[in-house]
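Subject: Structure handover

Hello,

Here is the structure for you to look at. My notes on it follow below.

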Amino acid sequence: MTLQEIKKEFFTYRNGAVADTLRKAGMPYAVIFGLNVPQLGDIARCVADKSEERDALGRQLWADTKVRESRLLACWLLDPVKLSQEEAAEMMAAVQTREEADILAFRLLRRLPYAEELAASAPDTYAREALRRNLEATVGVPFELIVKDNRGTGKGICQVYNEAAAEAR
C-alpha cells in the first residue's frame, strides 16, 4: 500500500460528525478525517508486512503533523527494532495531543527494549505519562523505574545494581 492509497482509505472511512467534534474540542490538526482506532487498525493490517516499506511509510506519516490520522497510523507502522532511542525521544517531544501520546505509547513505545529508561528519562510530556501508564498496565506488579547510566564510570554491574537498589523505595 502506498501513501496515496492510505490517504484514499482515510477519505473512505472519514466521519464528518466525529471530525467536527474533534475540531470543536481543540484538536490542533489542520486536517481531521474522524477515523476511529479500529478503522486505523484495519488500514494498518492492509499495509504489506515488508518491514522496510512499512517503516518508511510510518516515518512519512509521522512527519505529516497536520493530519491527525497520519500521526496515529504511523504508530502502527513504525518498526520498533529500527527506532533509535534518540528518535523515540524526539517523537515523544513532538506529541501534540493526549490521544496521540496514548496511541504512540501503546502501539510503539512500550515495545522498545529501552521503554523503561525512556519513561524515566523523558521530559514530562503527554507521551511520558502515556508510556508510564502502559508499562504499569502491562508489568502487572508494582514497579519503580530507576535508571542508571553506567557508561564511562568504570563501575561493575554489581556495584551499579547495589547503588540502584539502595535508592529504591
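**Salt bridges**

E87 and R59 form a salt bridge, with their closest N and O atoms 2.9 Å apart. A salt bridge here is a side-chain nitrogen of Lys or Arg within 4 Å of a carboxyl oxygen of Asp or Glu. E87 lies in helix 6 (residues 85-94) and R59 in helix 4, so the pair ties together parts that are 28 residues apart in sequence. Helices (H or I, at least four residues) and strands (E, at least two) are DSSP runs, numbered from the N terminus. E87 counts as partly exposed, at 26% relative accessibility. R59 also counts as partly exposed, at 30%. The cut-offs are these: buried means under 20% relative accessible area, exposed means over 50%, and partly exposed is in between (1.4 Å probe, protein chains only).

Before you go further: this is a predicted model, in which local features need pLDDT of at least 70 and side-chain atom pairs count only at pLDDT 80 or more, while totals for chains, interfaces and linings use all residues. Residues are numbered from 1 along each chain as its sequence is written, and side-chain values use heavy atoms, with hydrogens and water left out.

Searching the whole structure gives 11 salt bridges. One of them joins D64 to K7, with the closest N and O atoms 2.5 Å apart. That pair links distant parts of the chain. D64 sits in the loop between helix 4 (51-63) and helix 5 (68-77), K7 sits in helix 1, and 57 residues separate them.

R68 and E99 also meet through their side chains in a salt bridge (2.6 Å, N to O). R68 is in helix 5 and E99 is in helix 7 (residues 98-107), 31 residues apart. Which of these two is buried? R68 is, with a relative accessible area of 3%. E99 counts as partly exposed, at 22% relative accessibility. There is a network too: salt bridges that share partners join E52, D79 and K82.

**Overall layout**

The chain has 10 helices and 0 strands. Its C-alpha atoms fill a box of roughly 60 × 35 × 25 Å, taken along the principal axes. Of its 169 residues, 37% count as buried. Take the contacts (heavy atoms within 4.5 Å) between residues at least 6 apart in sequence: 62% of them join residues at least 24 apart.

**Helix 1 against helix 3**

Two packed helices are described by the angle between their axes and the distance between the axes. For helix 1 (residues 3-13) and helix 3 (residues 37-46), the axes come within 11 Å and cross at roughly 150°. Axes are lines fitted to C-alpha atoms, for helices over the stretch in contact, and angles run from 0 to 180 degrees between N-to-C directions. On the helix 1 side, I6, E9, F10 and Y13 make the contact; on the helix 3 side, Q39, L40, D42 and I43 do. By class, this contact has 5 nonpolar, 1 polar and 2 charged residues. Ala, Val, Leu, Ile, Met, Phe, Trp, Tyr, Cys and Pro count as nonpolar, Asp, Glu, Lys and Arg as charged, and the others, Gly among them, as polar.

L40 deserves a look. This helix 3 residue is buried, with a relative accessible area of 1%. Leaving out residues up to four places away in sequence, L40 touches F10, L35, E69, L72, L73 and W76.

**Nonpolar cores**

In soluble globular proteins, nonpolar side chains tend to be buried together. A nonpolar core is a set of buried Ala, Val, Leu, Ile, Met, Phe, Trp, Tyr and Cys residues joined through side-chain atoms within 4.5 Å. The largest one has 40 residues, and I6, F10, L73, L77 and L104 touch the most other members. Helix 5 gives the most to this core, with 6 residues. L73 is in contact with I6, F10, L40, I43, A44 and L61, leaving aside its neighbours within four places in sequence. A second, separate core has 5 residues, including A19, L22, M27 and I32.

**The end of the chain**

A168 is found in the segment after helix 10 (157-167). A168 is partly exposed, with a relative accessible area of 37%. What does A168 contact, leaving aside its neighbours within four places in sequence? The partners are E144 and I146. A168 and E144 are 24 residues apart in sequence and 7.5 Å apart in space, C-alpha to C-alpha.

Best wishes
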